[in-house]
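Here is a report on the packing and contacts in one protein chain. Please keep the sequence and the structure in view while reading.

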Amino acid sequence: MSWQERTKEKMLHLKLPTDPRWVGIAQMQIEDILVDHAYCEQKAASSCISLILRFHDLEQLVDTLTPIVAEEWGHFERVMEQLRKRNLKFKEPRKDEYVAKLNQFVKKGGNRKQQLTEVLLLNALIEARSCERFKLLSKQIQDQELQRFYYELMISEAGHYVTFIELAKHYQDESLVNQRWQEWLEYEAQVLKNMEIRGDRMH
């Protein structure tokens with residue numbers, strides 16, 4: 001494990017690890033996992049585009065997120081390639097219960113900086129959980145090509161997670177960001193604890 005990987009892994013700070021049974025279940029439903037993963041990458045790109053359009057006047061945010069849009073879409077294309085290579089079908093999207101529950105925790109109202117902070121922390125948390133799940137797949141899934149694939153994505157998602165946190169701290173007081181981040185982490189742990197373990201979802 002490289003020092004970059006060790007550093008990023010320590011910085012995830014998720015309060016509740018994924019149930020170890022998830023990988024085994026996911027492996028038996030790899031078509032569903034890949035399809036859901038493709039939509040996750042599409043939504044990640046769309047979320048960054050939405051932030052760029054909504055906060056177009058924030059130069060650092062626009063310059064930072066623009067290449068991430070391209071990277072997330074590149075991930076979408078790579079997941080699609082894995083589907084096609086295995087003669088698996090790209091199906092319609094399913095309801096993302098995990099993200100829906102996280103969206104319920106987003107504070108409404110407040111000033112523009114507070115609204116930006118909420119969305120950035122939401123995105124950071126989704127990226128952190130994705131990174132953790134990619135790590136599990138890279139270590140435990142039997143398909144060696146997918147092992148390498150998810151290892152590469154794990155490193156990328158960790159970088160995105162850090163970027164969202166840093167952007168939040170650039171536009172908002174660091175102590176406020178840290179406090180709110182801890183609240184997000186605690187809430188996400190409860191969401192995960194109360195969710196059914198499903199092998200047909202990335203989250």
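## A threonine in helix 7

Thr-163 is found in helix 7. Helices here are DSSP runs of H or I with at least four residues, strands are E runs of at least two, and both are numbered from the N terminus. The model is predicted, so local features need pLDDT of at least 70 and side-chain atom pairs count only at pLDDT 80 or more, while totals for chains, interfaces and linings use all residues. Residues are numbered from 1 along each chain as its sequence is written, and side-chain values use heavy atoms, with hydrogens and water left out.

Is Thr-163 buried or exposed? Thr-163 is buried, at a relative accessible area of 17%. Buried means under 20% relative accessible area, exposed means over 50%, and partly exposed lies in between (1.4 Å probe, protein chains only). Not counting residues up to four places away in sequence, Thr-163 touches Thr-64 and Ile-68; contact means heavy atoms within 4.5 Å. Ile-68 is 95 residues from Thr-163 in sequence, yet their C-alpha atoms are 9.7 Å apart.

## Nonpolar cores

The largest nonpolar core holds 39 residues. Such a core is a set of buried Ala, Val, Leu, Ile, Met, Phe, Trp, Tyr and Cys residues joined through side-chain atoms within 4.5 Å. Leu-51, Leu-61, Leu-65, Tyr-98 and Trp-181 have the most contacts inside it. Two or more residues each come from helix 3 (30–54), helix 4 (59–85), helix 5 (97–103), helix 6 (112–140), helix 7 (144–171) and helix 8 (174–193). Helix 6 gives the largest share, nine residues.

Which residues does Trp-181 contact, leaving aside neighbours within four places in sequence? They are Leu-121, Ala-124, Leu-125, Tyr-161 and Ile-165. Another core lies apart from the largest one and has 26 residues, among them Ala-38, Met-80, Phe-134 and Leu-137.

## Aromatic pairs

The whole structure contains eight aromatic pairs. Rings of Phe, Tyr and Trp (its six-membered ring) pair if their centres lie within 6.5 Å; planes under 30 degrees apart are stacked, over 60 edge-to-face, and the rest tilted. Phe-76 and Phe-90 have ring centres 6.2 Å apart and planes at 75°, so they pair edge-to-face. Phe-76 lies in helix 4 and Phe-90 in the loop between helix 4 and helix 5, so this pair ties together parts 14 residues apart in sequence. Phe-76 is buried at 13% relative accessible area. Phe-90 is partly exposed at 29%.

Phe-149 and Tyr-150 are also edge-to-face, because their centres are 5.1 Å apart and their planes stand at 70°. Both of these residues are buried. Ring pairs also link Tyr-39, Trp-73, Phe-76 and Phe-90 into a cluster.

## Helix 2 against helix 6

The axes of helix 2 (residues 21–28) and helix 6 come within 10 Å and cross at roughly 70°. Helix 2 is therefore roughly perpendicular to helix 6. Axes are lines fitted to C-alpha atoms, for helices over the stretch in contact, with angles from 0 to 180 degrees between N-to-C directions. Angles under 35 degrees count as roughly parallel, over 145 as roughly antiparallel, 65 to 115 as roughly perpendicular, and the rest as oblique.

Helix 2 makes the contact through Trp-22, Val-23 and Gln-27, and helix 6 through Arg-133, Leu-136, Leu-137 and Gln-140. The charged end of Arg-133 sits over the ring of Trp-22, 4.7 Å from its centre. This label requires NZ of Lys or CZ of Arg within 6 Å of the ring centre and within 35 degrees of the ring normal.
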